[in-house]
There are 2 protein chains.
Amino acid sequence: MERKFERELKGLRERLLGMGGLAERMIRSAVAGLVSRDEGLVEMVIAHEEEMDRLCIEIDDRCFTLLALRQPMASDLRFLVAGIKINSDLERIGDQALSIALRVRRLLRGPRVEPPEDIPRMSGLAEAMVHRSLEAFLRGDAELARAVIEADDEVDALRDQVFRGLLSRMSADAGAIPAALDLILVSRNLERIADHATNIAEDVIYIVRGEDVRERGEKEARQGLRAPQAGPPR
Amino acid sequence: MERKFERELKGLRERLLGMGGLAERMIRSAVAGLVSRDEGLVEMVIAHEEEMDRLCIEIDDRCFTLLALRQPMASDLRFLVAGIKINSDLERIGDQALSIALRVRRLLRGPRVEPPEDIPRMSGLAEAMVHRSLEAFLRGDAELARAVIEADDEVDALRDQVFRGLLSRMSADAGAIPAALDLILVSRNLERIADHATNIAEDVIYIVRGEDVRERGEKEARQGLRAPQAGPPR
């Protein structure tokens with residue numbers, strides 16, 4: 001039974017990694033499509049949406065079934081609840097990548113525009129944040145999670161830079177307004193992706209801290225000080 | 001024990017309602033501040049953020065503690081897991097209302113602008129969606145949840161109308177660009193609030209459907225057909 005539960009948890013981890021990898025590819029391809037004016041890349045992102053939805057439902061089902069049938073305690077419970085939350089963040093990251101792809105498709109069909117260099121820069125940062133937040137989750141690494149949260153400020157600074165640049169482009173040339181608006185909204189999508197990665201990182205810190213406290217509680221219990229606490233610490 | 005668990009679930013429901021009510025007031029005040037040019041309303045929204053964060057942590061803790069200590073089965077488990085997800089949607093709705101308040105504060109300090117009438121209209125719809133999604137959750141009312149999901153299209157249509165109106169305002173007058181951009185972003189915040197309400201409504205349908213299937217499972221089990229299924233159906 002115990003072995004089987006461990007296998008099930010392992011399967012869940014692998015699926016979450018798979019979903020994260022898919023989300024990263026979607027972000028990368030959507031922005032690469034913008035920079036290299038390659039509509040094929042954009043269509044690939046759009047085609048990935050179904051797979052994303054399928055994976056999301058499958059992970060939700062697995063988490064819920066394990067919660068219901070295995071009645072896990074403390075750290076496994078915490079892992080499964082975090083899995084449900086992280087799954088929903090990954091799905092929304094996919095939604096944002098899809099939204100970028102749809103804007104890029106519209107941009108590529110209009111007159112040629114140069115996207116600000118900060119957009120692929122934001123995209124690289126956001127993609128790395130998604131990757132590292134999931135790595136932090138799977139390794140239970142609070143340090144790495146904290147690094148993800150710090151990187152969010154950098155993304156926000158780039159977003160402001162993109163905004164100012166495009167604002168002056170619009171002010172100088174009314175004809176540039178529609179495309180500039182789409183580019184601003186692409187930068188907002190990237191900002192939201194970084195926010196979701198930050199949410200995941202915050203969940204990781206919550207789990208790891210919870211385990212610290214739980215361990216302390218068990219230690220004190222062993223010393224006869226008090227009963228172990230299963231409740232969350234914050 | 002059973003009585004105590006029921007009291008705890010009741011306390012949780014009340015807190016979720018309280019959080020929903022706070023989120024609704026934040027949306028309403030932020031947009032009323034814009035329409036009536038009342039910075040006091042805007043400051044009230046900003047001051048509410050801390051209460052929102054406190055409530056969110058408290059609800060998360062309660063859900064988690066109940067999951068850990070009570071090891072609930074089927075419908076209670078489903079309620080608690082949904083509670084965790086809905087809590088995080090409500091928190092993000094509060095974040096969006098805060099973001100509107102900060103934009104409105106900037107707008108009120110600049111030259112006078114008329115916000116498009118569709119913005120308070122969007123706000124009223126979004127607020128009602130939040131209210132009804134939470135009502136659907138607490139009553140387990142899938143019909144009401146479906147109505148919330150349908151209302152989302154209306155919000156999206158208004159968002160497009162706001163966008164087109166402000167785009168032509170910008171094209172006609174470069175001086176209007178900064179304020180028009182802020183108004184576009186306010187409409188995007190409202191759109192995201194409606195999206196979160198839609199997420200809540202989708203969770204409600206998931207719960208209700210799950211319970212239907214669970215009941216069927218138990219019925220079949222009583223008839224000796226198969227073991228009851230606790231896993232989710234979708």
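How many salt bridges does the rule find across the interface of chain A and chain B? I would like to begin with that, and then move on to the pairs inside the chains.

First, a word on what we are looking at. This is a predicted model, in which local features need pLDDT of at least 70 and side-chain atom pairs count only at pLDDT 80 or more, whereas totals for chains, interfaces and linings use all residues. Residues are numbered from 1 along each chain as its sequence is written, chains are lettered from A and ligands numbered from 1 in the order in which they are written, and side-chain values use heavy atoms, with hydrogens and water left out.

Now to the question: across the interface of chain A and chain B the rule finds four salt bridges, a salt bridge being a side-chain nitrogen of Lys or Arg within 4 Å of a carboxyl oxygen of Asp or Glu.

As for the interface itself, 39 residues of chain A are in contact with 39 residues of chain B, where contact means heavy atoms within 4.5 Å. The area buried between the two chains is about 3,500 Å², and carbon and sulfur atoms give 65% of that; buried area here is the accessible area (1.4 Å probe) that two parts lose on being put together, summed over both. There are also four residue pairs in polar contact between chain A and chain B, both residues being at pLDDT 80 or more. A polar contact is a pair of N or O atoms within 3.5 Å; within protein, one must be able to donate a hydrogen and the other to accept it, and residues adjacent in sequence count only if both atoms are side-chain atoms.

On chain A, the elements that give two or more residues to the side touching chain B are helix 2 (39–70), helix 3 (74–109), helix 5 (142–172) and helix 6 (177–222), helices being DSSP runs (H or I, at least four residues) numbered from the N terminus. Helix 6 of chain A gives the largest share of that side, ten residues.

How are the two copies related? A rotation of 180° with 0.0 Å of shift along its axis superposes chain A on chain B, with an RMSD of 0.0 Å, and that is the relation of a two-fold axis. The superposition is by least squares on the C-alpha atoms of residues with pLDDT of at least 70 in both copies. In chain A, the C-alpha nearest the axis belongs to A:Q71, 3.1 Å from it. Because 100% of the interface residues of chain A are also interface residues in chain B, the copies meet through the same surface.

Let me turn to the whole structure, where a search finds 44 salt bridges over all chains. In chain A, A:R146 pairs with A:E143 at 3.6 Å between the closest N and O atoms, and the two, three residues apart in helix 5, are separated by about one helical turn. A:R146 is partly exposed at 37% relative accessible area, while A:E143 counts as exposed at 55%; buried means under 20%, exposed over 50% and partly exposed in between (1.4 Å probe, protein chains only).

In chain B, the side chains of B:R106 and B:D182 meet in a salt bridge at 2.5 Å, N to O. This pair links helix 3 to helix 6 of chain B, 76 residues apart, and B:D182 counts as buried at 6% relative accessibility.
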